[in-house]
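Have the viewer open as you read.

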Amino acid sequence: MDVPAELKELSATLTSIEAVVDLPSLHRELDDLEKQASVPDLWDDLEHAQQVNSRLSFVQGEIRRVEDLRRRLDDTQTLWGLAEEMDDADSRAEAESEIAGLRKSMDELEVRTLLSGEYDAREALVTIRSEAGGVDAADFAEMLLRMYLRWAERHGYPVDVMDTSYAEEAGIKSATFQVKAPYAYGTLSVEQGTHRLVRISPFDNQGRRQTSFVGVEVLPVVESSDHVEIPDDDIRVDVYRSSGKGGQGVNTTDSAVRITHLPTGIVVTCQNERSQIQNRASAMAVLQARLLERRREEQQSAMNALKDANNSWGNQMRSYVLHPYQMVKDLRTDYEVGNPQAVLDGEIDGFIEAGIRWRRSNETASAS
């Protein structure tokens with residue numbers, strides 16, 4: 001190993017990562033989040049408080065990861081210099097071992113910098129469904145559920161299992177869970193597609209080989225609220241005299257209100273109340289509800305588009321072979337592992353990293 005060249009290359013890689021991560025910006029965000037977290041009435045709004053603390057924890061972790069790598073690299077450079085100066089074989093071996101560890105850590109962090117899609121920073125909503133293969137497919141679905149839960153546990157990511165539908169004989173028909181960590185969607189999105197298992201079926205009394213299939217769907221968690229901000233510049237308010245049945249006060253004053261939302265053309269009217277102020281408030285409430293529904297429809301369309309796009313990346317995306325040989329192979333990236341049990345125990349980072357790099361390469365090729 002040409003250690004000086006390795007150290008120089010690692011330093012250049014880390015400098016590039018630091019530029020993409022933008023440490024000064026992260027430190028400014030950290031200061032702002034710490035101020036928000038110290039506000040006495042923060043927990044009066046539980047949802048906001050959880051968002052602040054979750055983001056604070058993530059930013060602290062990102063800064064720590066990058067700065068720890070820089071310290072480790074500086075210490076390794078110092079160790080190598082002393083080893084050369086003192087002609088110390090043990091120190092040389094220690095430095096070379098640390099270089100290998102630094103390379104692995106930087107590769108993992110470099111993959112994170114590739115997650116720049118519109119929804120990549122979101123939490124992930126994962127659904128697993130058994131497909132062809134009967135009871136073996138249901139059992140395989142449960143194996144994959146365990147695999148992802150173990151993966152999340154390894155990384156310290158909170159998970160909320162929202163729904164599980166159990167099969168009659170064994171396994172599950174489907175399960176949906178949310179991974180509550182920043183960039184969970186960008187990370188897990190490459191797992192979407194059809195997973196295939198080949199093994200001797202434990203449910204076949206003749207011991208025959210069985211192939212079964214499970215579908216994995218990954219979507220970003222929608223960030224929405226019950227209130228839509230409507231700038232005054234976005235609306236036109238017209239008042240006019242109410243018509244139709246009503247008391248004398250309703251029909252003889254300009255109390256009716258028509259609100260036009262200029263960006264969308266949505267028109268809302270209200271003339272049921274005696275007061276123009278009351279009619280305006282009622283009309284605004286209706287307009288907010290219509291805009292919220294419109295936003296939900298747009299978000300659903302975006303989710304459907306992501307689902308279609310991810311399916312184009314992922315159909316028949318990975319094979320887990322337990323018989324006649326032992327191997328797990330990604331059919332898109334050709335990344336493979338000869339220890340299926342480790343993979344099914346949650347060791348899937350290699351597949352995820354290869355998938356993210358593969359997707360970015362395809363996106364870059366398409367753009368050019």
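## Ring pairs

Rings of Phe, Tyr and Trp (for Trp, the six-membered ring) pair if their centres lie within 6.5 Å; planes under 30 degrees apart count as stacked, over 60 as edge-to-face and the rest as tilted. This is a predicted model, and by that rule it holds five aromatic pairs.

Take Phe-140 and Tyr-320, an edge-to-face pair with centres 5.4 Å apart and 75° between the planes. Phe-140 belongs to helix H5 (residues 134–155) and Tyr-320 to strand E9 (residues 318–321), so this pair ties together parts 180 residues apart in sequence. Both Phe-140 and Tyr-320 are buried.

Next up are Tyr-148 and Phe-177: their ring centres are 6.5 Å apart and the planes sit at 35°, so the pair counts as tilted. Here Tyr-148 in helix H5 is linked to Phe-177 in strand E3 (residues 172–179), 29 residues apart. Tyr-148 and Phe-177 are buried too.

## A charge over a ring

There's also an Arg to check out. Arg-332 lies over the face of Trp-358, 5.2 Å from the ring centre.

## Strand E4 and its partners

Strand E4 (residues 193–200) is mostly covered, with six of its eight residues buried. What does E4 pair with in the antiparallel sense? That's strand E5 (residues 209–220), over eight bridges. In one of these spots, Thr-194 has Gly-215 in E5 as its bridge partner.

E4 also runs parallel to E9, joined to it by four bridges. Leu-197 stands opposite Tyr-320 in E9, which brings us back to the Tyr-320 of the edge-to-face pair.

In soluble globular proteins, nonpolar side chains tend to be buried together. In this model, the largest nonpolar core has 69 residues, and Ile-128, Leu-144, Tyr-148, Leu-188 and Tyr-320 touch the most other members. Helix H3 (residues 46–86) gives the largest share of this core, 11 residues.

Which residues is Tyr-320 in contact with, leaving aside neighbours within four places in sequence? The list includes Phe-140, Leu-144 and Met-147, then His-195, Arg-196, Leu-197 and Val-198, and also Met-327, Val-328, Val-343 and Leu-344.

Technical notes: Residues numbered from 1 in each chain as written. Predicted model: local features only at pLDDT ≥ 70, side-chain atom pairs only at ≥ 80, totals over all residues. Heavy atoms only, no water. Helix = DSSP H or I, 4+ residues; strand = E, 2+ residues; numbered from the N terminus. Buried < 20%, exposed > 50% of the residue type's maximum accessible area, 1.4 Å probe, protein only. Lys NZ or Arg CZ within 6 Å of the ring centre and 35° of its normal. Pairing = 2+ DSSP bridges. Core = buried A, V, L, I, M, F, W, Y, C linked by side-chain atoms within 4.5 Å. Contact = heavy atoms within 4.5 Å.
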